[in-house]
Amino acid sequence: PFGTAGGAVPPSPPIRLIKKSLFMTRPKMLDYVSTREELMMRADEVFGWIASGDLKVGIDKTFDLEDAVAGHQYLEAGKSKGKLLYKI
C-alpha cells in the first residue's frame with residue numbers, strides 16, 4: 001500500500017541509511033503548494049492532462065455512495081490497484 005491509506009509507516013532506525021547516505025522524508029502538499037491560487041492552477045493543469053489523454057488515471061473500482069463502508073473495507077484490505085471512486 002502507498003500513501004496515507006497504507007497506514008502508519010513501521011519504525012525503522014535512521015542509522016540503517018548511513019551506508020548509502022540516504023535520508024527519510026514525509027512530504028505533504030503544503031511543502032509544494034503555498035496558496036489556493038497555485039493549487040487551483042496546478043489542479044487545472046493536471047485535469048487538462050487527463051482531458052487530453054496525456055495522463056492516464058487507473059480506476060480500479062467504483063462503489064455507490066451507499067456502499068461507502070464496503071469501499072473503505074476494500075481499501076483497508078489493501079486490494080486497490082488504482083483509484084477508487086464513489087458514485088453520488
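Student: Which residues do ring pairs link into a cluster?

Tutor: In this predicted model, Phe63, Tyr74 and Tyr86 are joined into a cluster by ring pairs. A search of the whole structure gives two aromatic pairs.

Student: How is a pair of aromatic rings described?

Tutor: Two values are used, the distance of the centres and the angle of the planes. For Phe63 and Tyr86, the centres are 6.2 Å apart and the planes make an angle of 35°, a tilted pair. Phe63 belongs to strand 1 and Tyr86 to strand 2, so the pair links distant parts of the chain, 23 residues apart.

Student: Is Phe63 buried or exposed? And what does Tyr86 count as?

Tutor: Phe63 has a relative accessible area of 10% and is buried, because buried means under 20%. Tyr86, at 28% relative accessibility, counts as partly exposed.

Student: Tyr74 is the remaining member of the cluster. Which residues of helix 2 are buried?

Tutor: Tyr74 is one of them, along with Ala68 and Gly71; helix 2 covers residues 68-76. Viewed down the helix axis, the buried residues fall within an arc of 115°, so they line one face of helix 2. Val69 and Glu76 are exposed, on the other side of the helix.

Student: What do the buried residues of helix 2 pack against?

Tutor: They pack against strand 1 (59-64) and strand 2 (83-87).

Student: Which residue just after helix 2 takes a positive phi?

Tutor: Gly78 does, with a phi of about 75°.

Note on methods: Residues numbered from 1 in each chain as written. Predicted model: local features only at pLDDT ≥ 70, side-chain atom pairs only at ≥ 80, totals over all residues. Heavy atoms only, no water. Buried < 20%, exposed > 50% of the residue type's maximum accessible area, 1.4 Å probe, protein only. Helix = DSSP H or I, 4+ residues; strand = E, 2+ residues; numbered from the N terminus. Arc of directions from axis to C-beta. Contact = heavy atoms within 4.5 Å. Phe/Tyr/Trp six-rings, centres within 6.5 Å; stacked < 30°, edge-to-face > 60°.
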